[in-house]
Amino acid sequence: MKPSVGIIGPADSVQLISEIAMEYSEQIQPVPFIYSNTNEAASLIQHNQHLVDLWILAGPALYNSFLESGVNQPFFLLKLDGASLTKTLVEIGYNDKKALESISIDMVTERDVYETFNDLNISSSQVYVHEYTHETPLDHLLTFHQNLYQDGKVELCITCLRSIYDQLRLENIPAFRVTPTRSNIRETLSTAIQQWETMHFKQSQIAVILVKVQGIEKKDDHNMVSYDLHRLILDIQAAILNFAESISGSFITIGTGAFVIFSTRGSVEETEKPIGSLLDDLSLISDLPSNIGIGYGDTALSAEENARLALNHAQNYDSFCAFLVDNNGTIEGPLEQQEVLTFQYRTENKEISEKLKNSGITITTFNKILSVQKRVGNGTITATQIADTLKMTPRNARRILTGLVDQGIAEIIGDEAPTSKGRPRKIYRVSDGVETGTS
């Protein structure tokens with residue numbers, strides 16, 4: 001199904017963009033929205049978001065308007081660069097026979113302005129530029145042109161905004177307007193289509209969610225009343241069924257206390273019921289440890305393999321936690337916590353791989369440590385931080401760090417005073433393999 005593309009801007013810009021958008025009629029459905037003043041844009045976007053899938057904004061000044069609308073949809077800004085300015089200067093010099101040495105220009109960057117004048121062999125000694133950032137009030141741009149013209153410093157003004165152009169004309173100030181080139185419009189439309197297709201493909205990836213409730217078989221072995229056991233299993237299934245429904249998925253039982261949910265990545269990521277809510281429900285139903293592994297993949301097989309890997313990480317991490325492995329092999333977790341680790345379970349650095357093998361440290365553990373160090377934020381780490389985050393003993397964390405130091409992957413850079421009596425804690429810096437430390 002073709003996405004509907006909202007094209008918003010002044011009438012002439014929208015007309016031109018819509019005309020060029022028809023070249024892509026097999027891929028998109030353009031929907032024009034015209035305003036008389038930039039102040040109308042936010043409301044226009046907000047009230048019509050249900051009609052479109054993504055937006056093309058006719059100029060950089062619409063960025064703030066889009067944010068003000070509160071709309072959470074993809075949008076793409078048409079850029080006004082040196083090519084757009086060149087087109088305007090040629091029109092001024094060729095059609096209007098105006099001199100181009102004494103001009104005020106807004107929104108286009110100084111670099112683009114001066115490079116354009118240099119390329120056209122035009123003096124820029126009396127060219128005044130007011131660059132635009134998203135914090136720039138639009139009335140400042142109008143005042144910029146008015147003051148320069150009234151002080152006799154410029155003979156004409158070039159603006160990128162239709163509203164400023166109209167106001168300057170109303171005051172009988174010679175004004176011209178920079179508009180996007182056709183090639184720029186085509187480039188923006190092509191980018192929008194490509195990113196939409198990529199996002200749509202990503203959202204349609206298969207999602208496999210493995211849920212494991214441990215210990216149900218032991219309750220059966222301990223002669224738990226069969227009715228109570230059946231009620232427990234039914235309650236667990238009901239919780240999983242409710243979550244599957246929230247992500248438009250289906251689920252089946254694959255063993256005692258083991259369940260699998262099939263859905264799509266888009267449904268999982270867009271649900272208002274996060275994976276942590278399922279863990280909360282399971283913890284309320286029973287005190288049995290429960291873990292979840294989520295896997296994304298282009299095929300059912302790859303998604304299931306990733307889900308099993310994610311479930312393995314969750315079970316090794318803690319009770320009642322979830323991990324995720326995406327189609328690129330990136331692992332995230334534990335998902336129900338506010339801060340999660342992100343790491344890889346493989347490396348393409350053969351030297352690092354060999355050193356880790358010599359020290360008896362797995363690639364996954366090494367990448368987890370790098371992730372913890374990155375999250376700490378100062379490029380250093382201690383054994384205590386590793387132990388607390390990765391749920392291991394401080395002794396094991398120190399052993400791992402010592403192994404990394406011995407292999408030249410980490411270095412000791414200082415000591416940290418202990419919080420109680422004892423020896424100072426060593427502070428380490430672990431290398432990512434691009435620049436390895438020395439032992």
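Predicted model: local features only at pLDDT ≥ 70, side-chain atom pairs only at ≥ 80, totals over all residues.
Let me start with the empty space inside. Rolling a probe the size of a water molecule over the atoms shows where empty space is left. For this model the count comes to 2 cavities of 30 Å³ or more. The largest cavity holds about 180 Å³ of space, and of the 21 residues that line it, the closest to its centre are P10, Y35, C160, L161 and R162. If you sort that lining by class, you find 12 nonpolar, 7 polar and 2 charged residues.

The second largest cavity holds about 30 Å³, and the residues lining it are V5, I28, L54, I56, L189, A192 and I193. Two elements, strand 3 (54-57) and helix 8 (182-203), each give two or more residues to this lining, and the largest share, 3 residues, comes from helix 8. Which classes of residue make up the lining of this second largest cavity? Here the residues divide into 7 nonpolar, with no polar and no charged ones among them.

Now I would like to turn to strand 9, which covers residues 206-213. Why can we say that strand 9 is largely enclosed by the rest of the structure? The reason is that 6 of its 8 residues are buried, where buried means under 20% relative accessible area. Strand 9 is joined by 7 bridges to strand 11 (residues 258-264), and these two strands run antiparallel; within that pairing, I209 stands opposite I261. Strand 9 is also joined to strand 12 (residues 290-297), this time by 8 bridges and again in an antiparallel arrangement, and there V213 has S290 as its bridge partner.

Finally, let us look at one residue, T181, which sits in the loop between strand 8 (175-177) and helix 8. Is T181 buried or exposed? With a relative accessibility of 9%, T181 counts as buried, because that value falls under 20%. The side chain of T181 makes a polar contact with the side chain of S183 at 3.1 Å, and the T181 side chain also reaches the backbone nitrogen of N184, at 3.1 Å. Once we set aside the neighbours within four places in sequence, T181 is in contact with A83, S84 and K87.

Definitions and conventions:
Residues numbered from 1 in each chain as written. Heavy atoms only, no water. 1 Å grid on protein atoms, 1.4 Å probe; cavity = no way out; pocket = protein on both sides within 12 Å on 5 of 7 lines; lining within 4 Å. Points joined across faces, edges and corners; volume = space filled by probe spheres on them. Nonpolar A, V, L, I, M, F, W, Y, C, P; charged D, E, K, R; others polar. Helix = DSSP H or I, 4+ residues; strand = E, 2+ residues; numbered from the N terminus. Buried < 20%, exposed > 50% of the residue type's maximum accessible area, 1.4 Å probe, protein only. Pairing = 2+ DSSP bridges. Polar contact = N/O pair within 3.5 Å; in protein donor to acceptor, adjacent residues only side chain to side chain. Contact = heavy atoms within 4.5 Å.
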